[in-house]
Amino acid sequence: MLRQACRTVSTLIVFGLLIVAHTPARATDAEIDRLLRSPVGKDWVTNGGNLTNNRYSTLKQIDTTNVGKLKGAWMTRLKGSGVGGKYSFEASPLVKDGVMYVVTGNDDVFALNAKTGEIIWEYWSGIEQTISTVCCGWANRGLAMGEGQIYLGQLDANVVALDMKTGKVAWKTPIEKWQNGYGITSAPLYYDGVIYSGITGGEYGVRGRLTALNAKTGEIVWRWFTLPGPGEKGSETWPPGTDHSMRGGAAIWNTPAVDPELGLVYFAVGNCGPDYDGSMREGDNLFCTSIVALNAKTGEYAWHFQQVHHDLWDYDAASPVVLFDTVINGEPRKGIAEAGRTGWVYILDRTNGKPLVGIEEKPVPQEPRQKTAATQPIPAGDAIVPQCAEKIPGYDEAGCIYTPFWESPVLVQPSGIGGTNWSPMPYSPDTGYFYVPGTVRTSAFVRNGTKYTNGQRYTGGGQTAPIGSTMSGTFTAIDARTNKIAWQNKTPYRIGGGGGSTVTAGGLVLRGEPDGNFLALDAKTGQELFRFQTGFGADAPPVVYEVDGEEFIAIAAGGNQMQGSAYGDAVWTFSLKGQLGPLWPPPAPQTIAGPTGPIAVGANEIKIGANNTEYSFSPARTRIKSGTTVSFSNVGDIPHDASALQQNGWSTGALAKGETKTVKFDKPGIYYYICSPHPWMYGQVIVE
Ligand SMILES: [Cu+2]
């Protein structure tokens, strides 16, 4: 507890918070705690369903035999909250006693009648629209509840408690300042009077941490830094005499899990900073890309397992950890699993962090300038996505997972966005399977060695999907006893970064598609049993609940910026008594990387962030005569640039909101460019 004394003191001065050394007397919520410890029934009271994050509902009114008769029960639009190209609607709604609570990508919270969809109250976060430290879309992955309050973490790095009845702010605690690179996108976890919150900023040179707050008052009870200070456990995995670990990232992207019997809280830790430059941080770099267990009451370290040593590929552990009980070789075992961006599921014994199914350290390719780790932990069983990149013209080198790179681009698969990214992975005790969403995509990785500046991007390189390369997905049932594929569906779109799924005692796996479809599959076989077009990118994990004896399935449909699905502000619910039919399909996400849209002939003014689509060039494609000067103007809210997609090419440099720079094109040719902090933004200039 209070391991990093210096940092604690300075934070205390900055925010004037009372840091309490001992857990104060807490009024806990016995009913919520009981629901959190039990299998999920009629209420869905925390993001992952209960303390295990297994997203398994015991409801079975809707099952494999009747799911085909499902119809929309109600659909509600959330008054334009989070509607726009910069947002993702990734939250699972919570439901308690017939009231639904849902949060949008703008951190606005709505309470709805869970039976009718009628809005009961609204909380508008009012967060600044100029927050420039959001790396990967404006997202909020969900809420927590307890003690008559609803809890959320915001992109401005505040944890907020709302009165459950009115939506009025009960307390608000700054964990850090967004100007220093911090933000919160994960759903907090409430348990036993404590709120556990992670923090993001792995692309901004932050020092990651898990923060425990008193649920009643918002006081910070303890914090555990994911990066060790000098002399602390794990500091031996950083170069001695340096302070690189103090800006080493290691964010927490998702909700922890708790085992109340073992008294441990578990969570996944993200990539190292700078992401793509390991040259100055020789060593394994704990606790980047790890699963960590702490004493749930005190925050004391219990164990860790590092999935990727000395990460260079942005291979975060970003999906929520899942607790499950199983029998292996006739012995009951307590398991924990996490789906990595590497494409593997890591299955461990949650009492001690040791591999449960088998994970072996194996030698990997080396690049001395990047100080690569000699070995990496390779799980037994199957990966859910291909782990080798195919050769693409224009690139000299293509490699498999853990192929290192330096200053000329190397193609590697999985890309740094997965495998499995933020999407949750449910576990069914009926089938013994995990349901794992995956992204199939190649990235060209390159190191460039940018220096650290407080509050600025600090990635030390980049990764971009090569122009013309294909992007798709997989949805896989992995047997928890063997880590082998039980069945696998190929999907037309990437699904590892948003959606995720939920599984039921009715034998159904429920999930959304980025093209707007909501699907029900047979959990045993993967066979599709139901499909319904919601009209917006259906890229959030569904939930299951019951009101007045009627079972409902709910899913937020509002798109996902990282997956390129169509934005919106809808919550859809389905039931066997439903009357509503499907909507028209929205535009589908791209399946081939590169700029899209018509070629604007003669256009020499390019706007960045126009038309409510923050991460875009408009027009994205233009044809001009050689000798033309093209202007790039940032009309969005946050800094962008336009940078040639080639080594040592032209760049506008960072453009603040309202700024314009020009580039003259003298030579005929086809010029592709990206925004370097947002490499999924593509543009093209054709010079004749
Ligand atoms: Cu940008």
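Reader: How many cavities of 30 Å³ or more does this structure have, and how do I read such a count?

Author: Rolling a probe the size of a water molecule over the atoms shows where empty space is left. Here the count comes to 4 cavities of 30 Å³ or more. A cavity is a set of points, on a 1 Å grid over the protein atoms alone, where a 1.4 Å probe fits but cannot get out. Grid points are joined across faces, edges and corners, and a volume is the space filled by probe spheres set on the points. A word on the source: this is a predicted model, where local features need pLDDT of at least 70 and side-chain atom pairs count only at pLDDT 80 or more, while totals for chains, interfaces and linings use all residues. Residues are numbered from 1 along each chain as its sequence is written, and side-chain values use heavy atoms, with hydrogens and water left out.

Reader: What lines the largest cavity?

Author: Lining residues have an atom within 4 Å of a point. The largest cavity holds about 110 Å³ of space. It has 15 lining residues, and Val 134, Cys 135, Thr 185, Thr 200 and Trp 253 sit closest to its centre. By class, that's 8 nonpolar, 6 polar and 1 charged. Ala, Val, Leu, Ile, Met, Phe, Trp, Tyr, Cys and Pro count as nonpolar, Asp, Glu, Lys and Arg as charged, and the others, Gly among them, as polar.

Reader: And which residues line the second largest cavity?

Author: That cavity has a volume of about 70 Å³. Its lining includes Asn 47, Arg 55, Glu 90, Arg 141, Trp 422 and Gly 498.

Reader: How should I read Asn 560: buried or exposed?

Author: Go by relative accessible area: buried is under 20%, exposed over 50%, and partly exposed in between (1.4 Å probe, protein chains only). Asn 560 comes out at 1%, so it counts as buried. You'll find Asn 560 in the loop between strands S37 (550-557) and S38 (570-575). Strands (E, at least two residues) and helices (H or I, at least four) are DSSP runs, numbered from the N terminus.

Reader: What does Asn 560 touch?

Author: Contact means heavy atoms within 4.5 Å. Not counting residues up to four places away in sequence, Asn 560 touches Tyr 87, Ser 88, Glu 90, Gly 497, Gly 498, Asp 539 and Ser 565. Glu 90 and Gly 498 also turn up in the lining of the second largest cavity. The side chain of Asn 560 also reaches the backbone nitrogen of Met 562, at 2.9 Å.

Reader: Now an open site. What surrounds the second largest pocket?

Author: A pocket is an open set of points with protein on both sides within 12 Å along at least five of seven lines. This one has a volume of about 440 Å³. Its lining has 21 residues, with Arg 37, Thr 52, Leu 323, Asp 325 and Arg 350 nearest the centre. Helix H2 (30-37), strand S15 (257-259) and strand S19 (322-328) each give two or more residues, and S19 gives the largest share, 3. The classes are 11 nonpolar, 4 polar and 6 charged.

Reader: Which residues have the most contacts inside the largest nonpolar core?

Author: A nonpolar core is a set of buried Ala, Val, Leu, Ile, Met, Phe, Trp, Tyr and Cys residues joined through side-chain atoms within 4.5 Å. The largest one has 88 residues, and Met 100, Tyr 101, Val 109, Tyr 196 and Tyr 545 have the most contacts inside it. Strand S4 (99-103) gives the largest share of this core, 5 residues. Leaving aside neighbours within four places in sequence, Tyr 101 is in contact with residues including Pro 93, Phe 110, Trp 121 and Met 164. Apart from this core lies another, of 30 residues, among them Phe 305, Val 308, Val 321 and Ile 401.

Notes
A polar contact is a pair of N or O atoms within 3.5 Å; within protein, one must be able to donate a hydrogen and the other to accept it, and residues adjacent in sequence count only if both atoms are side-chain atoms.
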